[in-house]
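Subject: Structure for you to look at

Hello,

Here is the structure I said I would pass on. Please open it beside this email and follow along as you read.

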Amino acid sequence: MTWEEMVPLLGQATWETVQMVFWSTLFTVVFGLPLGVALVGTSREGLFPSRIANQLLSLVVNIGRSLPFIILMIAVIPFTRLLVGTTIGLYAAVVPLTIGAVPFFARLVEIALRGVSADVVQAAHAMGVSRTSIVAKVLLPEAKSALVAGITVTVITLVSYSAMAGVIGAGGLGDLAIRYGYQRFETPLMIATCVVIIILVQLAQTVGDALANRLAARR
């Protein structure tokens, strides 16, 4: 395969991967952020302590994190078909990608929020701030830098997951590598695919670090 033939394939596959990662990250933050807040809030020293709720949430998160992504993709195929009407393509891949990333991101949110000084929370309590307002106006703003770092790690993880999603015909760079690099023995295309994935990861890490550092400096 010539370079002229590879470029269009790489361009389309890269765009598909970017779309998968973007939508998966968006939904992961939407569902994972409240879950992480709930893990912290229901802990013994949290704002809404509840041992049973915390144990149940932790169990769900731990189960979600324990499942290998390749198995998870296959296990949720019926749910994916029910939700989007198909099990192939980039939009179908968003479902298992999100399900796989939410527990992972929730733990990162939990770690970020636990890093907020207890003195800040106590000061807000002393001023009569409600518990929900403490979450929205104290915990989350104070943890912005750590949360951005968590999102960055999640994006990089989703890039890796999206490559594995190529096994079930999700499209993107993983699918391209399997169809051409593995099944047709197009080694140069396989190498080019790996290089593009590395570039995407480095770009995400650089942008995420820069944003996290800026937020930390403002704080």
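A pocket, as the word is used here, is an open set of grid points with protein on both sides within 12 Å along at least five of seven lines, and a residue lines the pocket if it has an atom within 4 Å of a point. Please keep in mind that the model is predicted.

With that definition, start at the second largest pocket, which has a volume of about 160 Å³. Its lining consists of Phe 27, Phe 31, Phe 79, Leu 83, Val 94, Val 95, Thr 98, Ile 99 and Val 102. Sorted by class, these are eight nonpolar residues and one polar residue, with no charged ones. At least two lining residues come from each of H1, helix H4 (77–84) and H5. H5 has the largest share, with five residues.

Next, the largest pocket. Its volume is about 290 Å³. There are 14 residues in the lining, and those closest to the centre of the pocket are Val 40, Glu 45, Gly 46, Val 121 and Leu 139. Here the lining is made up of seven nonpolar, five polar and two charged residues. Helix H1 (3–41), helix H5 (90–114) and helix H6 (118–126) each contribute at least two residues to it. Which helix gives the most to this lining? That is H6, with three residues.

The model has three aromatic pairs by the rule used. One of them joins Phe 22 and Trp 23, with ring centres 5.2 Å apart and 75° between the planes. Planes over 60 degrees apart count as edge-to-face, and this pair is edge-to-face.

Are Phe 22 and Trp 23 buried, exposed or in between? The cut-offs are under 20% relative accessible area for buried and over 50% for exposed. Phe 22 has a relative accessible area of 49%, so it is partly exposed. Trp 23 is also partly exposed, because its relative accessibility is 34%.

Last, a residue from another helix. Pro 188 is part of helix H10 (residues 187–218). Its relative accessibility is 46%, so Pro 188 counts as partly exposed. Pro 188 and Ile 178 are separated by ten residues in sequence, and their C-alpha atoms are 13 Å apart in space.

Regards

Note on methods. Residues are numbered from 1 along each chain as its sequence is written. This is a predicted model: local features need pLDDT of at least 70, side-chain atom pairs count only at pLDDT 80 or more; totals for chains, interfaces and linings use all residues. Side-chain values use heavy atoms; hydrogens and water are left out. Rings of Phe, Tyr and Trp (its six-membered ring) pair if their centres lie within 6.5 Å; planes under 30 degrees apart count as stacked, over 60 as edge-to-face and the rest as tilted. Buried means under 20% relative accessible area, exposed over 50%, partly exposed in between (1.4 Å probe, protein chains only). Helices (H or I, at least four residues) and strands (E, at least two) are DSSP runs, numbered from the N terminus. On a 1 Å grid over the protein atoms alone, a cavity is a set of points where a 1.4 Å probe fits but cannot get out, and a pocket is an open set with protein on both sides within 12 Å along at least five of seven lines; lining residues have an atom within 4 Å of a point. Grid points are joined across faces, edges and corners, and a volume is the space filled by probe spheres set on the points. Ala, Val, Leu, Ile, Met, Phe, Trp, Tyr, Cys and Pro count as nonpolar, Asp, Glu, Lys and Arg as charged, and the others, Gly among them, as polar.
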